[in-house]
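Subject: Model handover

Hi,

Here is the model we talked about passing on. Please load it before reading the notes below.

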Amino acid sequence: MTTASSPHNSQCTADLGAQYITCTPHYAKKHQTFYDELLAHGILKPLTAPIEGMMIKEGDCNFVAPQGISSIIKHYLKESGAEVYFRQCVTQINLRNDKWEVFRETGSPEQFDLVVLTMPVPQILQLQGDIVNLISECQRQQLESVSYSSRYALGLFYEAGTKIDVPWAGQYITSNPCIRFVSIDNKKRNIESSEIGPSLVIHTTVPFGVTYLEHSIEDVQELIFQQLENILPGLPQPVATKCLKWRHSQVTNAAANCPGQMTLRLKPLLMCGGDGFTQSNFDGCITSALSVLEALKNHL
């Protein structure tokens with residue numbers, strides 16, 4: 001749920017990850033309070049712009065986030081009152097005097113009463129320290145079975161007044177080896193304005209993402225541009241670009257028999273959650289969050 005902004009105009013933004021939220025009738029009922037809250041705050045609005053090639057199932061509702069998909073996360077963090085520290089890369093977790101000692105790439109380690117890990121599962125398995133021996137053989141097998149697709153996303157930012165003349169706001173591409181989805185992002189979110197330039201988002205296919213996973217971002221960006229010329233010939237020059245590698249894009253195989261979370265240790269509490277234990281969509285995230293909360297409440 002990443003929204004990037006143009007270095008020339010912070011109001012010119014592009015969703016580089018999740019594009020829109022699809023809610024099935026089952027989850028519309030089950031997670032109604034979440035959807036009602038986000039709609040009431042104007043954080044979600046119904047998707048009304050045309051997306052060509054979109055799979056539409058009866059009863060499904062699609063929503064966009066007018067301020068960018070990351071506004072959903074920002075809303076929940078603000079509501080929680082939590083202090084958030086970004087760019088802290090955790091490297092190891094040790095058990096010390098009935099607390100967790102958490103090490104990071106820079107800065108001194110800190111101690112915590114409980115730890116919840118929600119990064120992609122392969123990154124949990126890369127952590128060093130006592131956590132390595134705390135994961136049981138059975139749990140390790142479950143965690144190792146989690147797999148993800150990989151892809152690249154490219155955001156193109158344009159000057160105000162630039163016209164991108166296509167009849168759609170988004171389009172799924174089936175005939176290109178590199179590009180799977182293109183979106184005129186401001187049009188998709190219904191926020192076209194004469195003062196703010198348009199933004200374009202391109203998602204690659206998974207096979208392309210896997211093939212070029214270890215290539216440089218510059219090389220990959222160049223390949224995407226070459227293929228984009230076949231799909232949208234004669235595009236104007238963007239004033240800025242942002243290319244992102246999603247090494248862990250969407251969960252293709254979730255942890256089996258883990259309803260939303262996995263408890264690695266009870267005292268002190270160490271848990272894993274996230275879409276690796278459910279499914280890669282908004283409802284999967286809510287499902288995991290609720291089961292993490294349930295386990296936390298039982299513990300406290």
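Below are the conventions, then the findings.

This is a predicted model: local features need pLDDT of at least 70, side-chain atom pairs count only at pLDDT 80 or more, and totals for chains, interfaces and linings use all residues. Residues are numbered from 1 along each chain as its sequence is written, and side-chain values use heavy atoms, with hydrogens and water left out.

**Annotation**

An unreviewed UniProt entry lists residues 63-256 as "domain: Amine oxidase". Such positions follow the numbering used here, feature names are shortened, and annotations may be inferred rather than shown by experiment. That stretch is 27% helix and 28% strand, with its end C-alpha atoms 29 Å apart. Helices (H or I, at least four residues) and strands (E, at least two) are DSSP runs, numbered from the N terminus.

**Sheet**

Six strands form an open, mixed sheet in the order E5-E13-E14-E15-E12-E16. Two strands pair if DSSP finds at least two bridges between them. E5 (51-52) and E16 (240-246) are the edges; each has a single partner strand, so one side of each lacks a neighbour in the sheet. E12 (residues 151-157) and E15 (residues 199-204) pair antiparallel over five bridges. Leu-154 has Ile-202 in E15 as its bridge partner.

**Cores**

A nonpolar core is a set of buried Ala, Val, Leu, Ile, Met, Phe, Trp, Tyr and Cys residues joined through side-chain atoms within 4.5 Å. Buried means under 20% relative accessible area, exposed over 50%, partly exposed in between (1.4 Å probe, protein chains only). The largest core has 21 residues; Ile-93, Val-115 and Leu-264 are among those with the most contacts inside it. Elements giving two or more residues to this core include strand E8 (99-104) and helix H4 (121-125). Another core, of 20 residues, lies apart from it and includes Leu-154 and Tyr-158.

Contact means heavy atoms within 4.5 Å. Beyond four places in sequence, Leu-264 touches Ile-131, Leu-134, Ile-135, Gln-139, Leu-270, Met-271 and Cys-272. Gln-92 sits in strand E7 (residues 90-96). Gln-92 counts as partly exposed because its relative accessibility is 25%. Gln-92 and Phe-103 are eleven residues apart in sequence, yet 5.1 Å apart C-alpha to C-alpha.

Helix H10 (residues 282-299) has 18 residues and should span 26 Å at 1.5 Å a residue; its end C-alpha atoms are 26 Å apart, which agrees. The expected span is 1.5 Å times one less than the number of residues. Among the buried residues of H10 are Phe-282, Ile-286 and Leu-296.

Best wishes
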